[in-house]
Amino acid sequence: MGVTIIGTGKALPELSVKNEKLAELVETDNQWIIDRTGIESRHISVNEKALDLAVSAAKKALGEIDLDSIGLVIVATVSPDVLVPSMAALVKRELHLSNAVAFDLNTACSGFIYGTWTAEALIKNGMCGNSNTNKINRALVIGVERLSRIVNWEDRGTCILFGDGAGSAVLEYSQEKTGIIGSYVKNYDDVTDCLTCGMQYIKTPFTNEIEHSDMFLKMNGPQVFKFAVTAIEEVMNKVLTDTGVSADEVKYYVPHQANMRIIKTAAQRFKQPLEKFQVNIQNTGNVSAASIPMALADLMSSGKVKSGDKIMIVGFGGGLSAGAILFEA
Ligand code: UT7
């Protein structure tokens, strides 16, 4: 008995922006971006709201699933359309998920891992209506971002990296199958504030000064890069050790799509062929919490995955945060 991922889906904004277009905006060039990141283009929302993307990805993951069986909706995001209501509450309303508890979660690029980790624990432990007799035994986990709205379009160090999109998965608790066999999440203190995004607050009648906060996504790239390669290794090793599964036994890896060089480093450190790693960064850029579920949706719809294949999803990002989940298809 346990929790299995039974559906996945993704949604991208219509507009795809190539590197060459960004070279018209900031001092950069196509080859630098490809060499240093692996990114060739990314999708940027023009008319699509985060809610549109989230709902579209969720519908694909849900397919024909009975909507009354969904007891939980978690949306991982750092770029919601609004702060209140939560994106999860909006998704619940839009999709008429009348039995669902709904909330958002922010662990930046690790958001989908933390969301899946949370959802597994809640539905497994009967916190969202599951029991042997109760049919409310499923959860919807979504990662959605419109990073184009929080990126500094004058900063070449960040604006070339990020994109918009959404990915989603449906989790099911059942007596018959245990899909998720291991998971681990970890927070590391960001003592140097190497990855931040502030907010704009209004001045109150009780203060003389406006609280100045950087509204843009800011990143010390090389420092985050070093964290990323170390954190990936740590969380993946922990899950492999805990489950007694070897790196070779994992059929596919679905890493956060932050930088092709990070993915290659992970493949080298675990002595795995790069072909086992699902990569879509070339067409999406880094879409924070949406990166992993979008890549997972690509893998699951590729026709490659067979029932019982072991798949590891792994993320890292702001917080700092990291985590990995091992499951069987
Ligand atoms: O999703 C959350 C987690 N995020 C990540 O994991 C991102 C991790 N970091 C990275 O992926 C990389 O650090 C970046 C892709 C962000 C940057 O690559 P890098 O190889 O670490 O470059 P750098 O920041 O060390 O910059 C190298 C040079 C600098 O010039 P100088 O000082 O050597 O003259 C930069 O000013 O490249 C310059 N540079 C650029 N040049 C052309 C920085 N950005 C650009 C650019 N185009 N867009």
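1. Buried here means under 20% relative accessible area, exposed over 50%, and partly exposed in between, with a 1.4 Å probe and protein chains only as cover. The buried residues of α8 (260–269) are Met260, Ile262, Ile263, Thr265, Ala266 and Ala267. Helices (H or I, at least four residues) and strands (E, at least two) are DSSP runs, numbered from the N terminus.

2. On the basis of the note: this is a predicted model, in which local features need pLDDT of at least 70 and side-chain atom pairs count only at pLDDT 80 or more, while totals for chains, interfaces and linings use all residues. Residues are numbered from 1 along each chain as its sequence is written, and side-chain values use heavy atoms, with hydrogens and water left out.

3. What do the buried residues of α8 pack against? Their partners are α2, α7, β11 (252–255), α9 (281–284) and β12 (310–317), where contact means heavy atoms within 4.5 Å. At the start of α8, the backbone nitrogen of arginine 261 has a side-chain oxygen of asparagine 259 within 2.8 Å. A polar contact is a pair of N or O atoms within 3.5 Å; within protein, one must be able to donate a hydrogen and the other to accept it, and residues adjacent in sequence count only if both atoms are side-chain atoms. After α8 comes lysine 271, with a positive phi near 50°.

4. The ligand is surrounded by 23 residues, and the closest are Thr28, Arg36, His256, Asn259 and Asn286; a residue is near a molecule or strand if one of its heavy atoms lies within 4 Å of it. Asparagine 286 places a polar side-chain atom 2.6 Å from an oxygen atom of the ligand.

5. Which elements give two or more residues to the shell around the ligand? They are α2, α6 (156–159), α7 (221–243) and α8. The largest share, 4 residues, comes from α7.

6. Threonine 28, one of the closest residues to the ligand, sits in the loop between α1 (19–22) and α2 (30–37). Is threonine 28 buried or exposed? Its relative accessibility is 16%, so threonine 28 counts as buried. Not counting residues up to four places away in sequence, threonine 28 touches Leu22, Ala23, Ile33 and Ile160.

7. Two strands pair if DSSP finds at least two bridges between them. β1 and β7 (residues 164–174) run antiparallel and are joined by 9 bridges; in this pair, valine 3 stands opposite tyrosine 173 and glycine 9 opposite serine 168. β6 and β7 are likewise antiparallel, with 9 bridges, and leucine 140 stands opposite valine 170 in β7. β7 is mostly covered, with 11 of its 11 residues buried.

8. β4 runs parallel to β6, with 6 bridges, and alanine 76 has glycine 143 in β6 as its bridge partner. β4 and β5 also pair in the parallel sense, over 5 bridges, with valine 73 opposite alanine 102. Because 7 of the 7 residues of β4 are buried, β4 is largely enclosed by the rest of the structure.

9. A further open sheet has 4 strands in the order β8-β13-β12-β11, again with mixed pairing. Its edge strands are β8 (180–187) and β11, and the twist averages 10° from one strand to the next. β12 and β13 (residues 321–328) pair in the antiparallel sense over 8 bridges; lysine 310 has glutamate 328 in β13 as its bridge partner. Helix α10 (residues 291–300) packs on this sheet, touching β11, β12 and β13, and its direction makes about 160° with that of β12.

Conventions: Axes fitted to C-alpha atoms, helices over the stretch in contact; angles between N-to-C directions.
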